[in-house]
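I opened the model to look up its strands, its core and its surface. My notes follow.

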Amino acid sequence: MPDISQFRAQLGDGGARPNQFVIKINWPSVCPSGLGLDSNTSLLVTGAAAPASTVNPAIIQYRGREVKFAGERIFDPWTITVVNPNDFGMRAAFEEWLDAMNAKDSNEGALRLEDYGAEIIVQHLNRNDDPICEWTLRGAFPINMSEIALQYAQNDILEEYTVTFQYQDYIGGEGRSSVTASLTA
């Protein structure tokens, strides 16, 4: 049975911390370039998650019993919580992205995923701000942007809103060795 010193040794430099991360979007062609956004723009995000996926079983009936096989892989929607600065710049970018996919007034928009889909990079960092794990969500696009709550009583917090994305798939998540290889390539 391992003792506490062995347990601590396995954590190495103190274990991964959930508050150490960076989110970057390689903005699609339908987004405005006048907002000063590029792939090096880190979002003011206070909450995110590593992407989730599920393999649904394919169930076949055989002699009165269910036999389960690996079925389709489903990539769950992914949500971030964004801090709203006074210029509303990031919210304006998301509004324009949503509008480019399906305009509020005309119900028209970009029809090709290559035009409105983006790569979103999620980097989990160590305490020295070095990447220890990275995921790239491919073909991502926003499907929901939440309201911003306005209240007289909330005078000591910053405004936040959420943006939920759908994406085709993701790559990465293998940890430090794959991140180092992808960053140096």
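I counted two strands as paired if DSSP finds at least two bridges between them. Helices (H or I, at least four residues) and strands (E, at least two) are DSSP runs, numbered from the N terminus. This is a predicted model: local features need pLDDT of at least 70, side-chain atom pairs count only at pLDDT 80 or more, and totals for chains, interfaces and linings use all residues. Residues are numbered from 1 along each chain as its sequence is written, and side-chain values use heavy atoms, with hydrogens and water left out.

**Strands.** I found four helices and nine strands in the protein chain. I then looked at β5 (residues 78-83), which runs antiparallel to β2 (residues 45-47) and is joined to β2 by two bridges. There, Thr81 of β5 sits opposite Gly47. β5 also pairs with β8 (residues 160-166), antiparallel, over six bridges. In that pairing Ile80 faces Val163 of β8.

**Core.** Which residues touch the most other members of the largest nonpolar core? They are Phe94 and Trp97, in a core of 32 residues. I took a nonpolar core as a set of buried Ala, Val, Leu, Ile, Met, Phe, Trp, Tyr and Cys residues joined through side-chain atoms within 4.5 Å. Buried means under 20% relative accessible area (1.4 Å probe, protein chains only). β7 (131-145) gives the most to this core, with six residues. I also listed what Trp97 contacts (heavy atoms within 4.5 Å), leaving aside neighbours within four places in sequence; among them are Ile25, Tyr116, Phe141 and Phe165.

**Whole chain.** Buried residues make up 31% of the 185 residues.

Terms used:
Buried means under 20% relative accessible area, exposed over 50%, partly exposed in between (1.4 Å probe, protein chains only).
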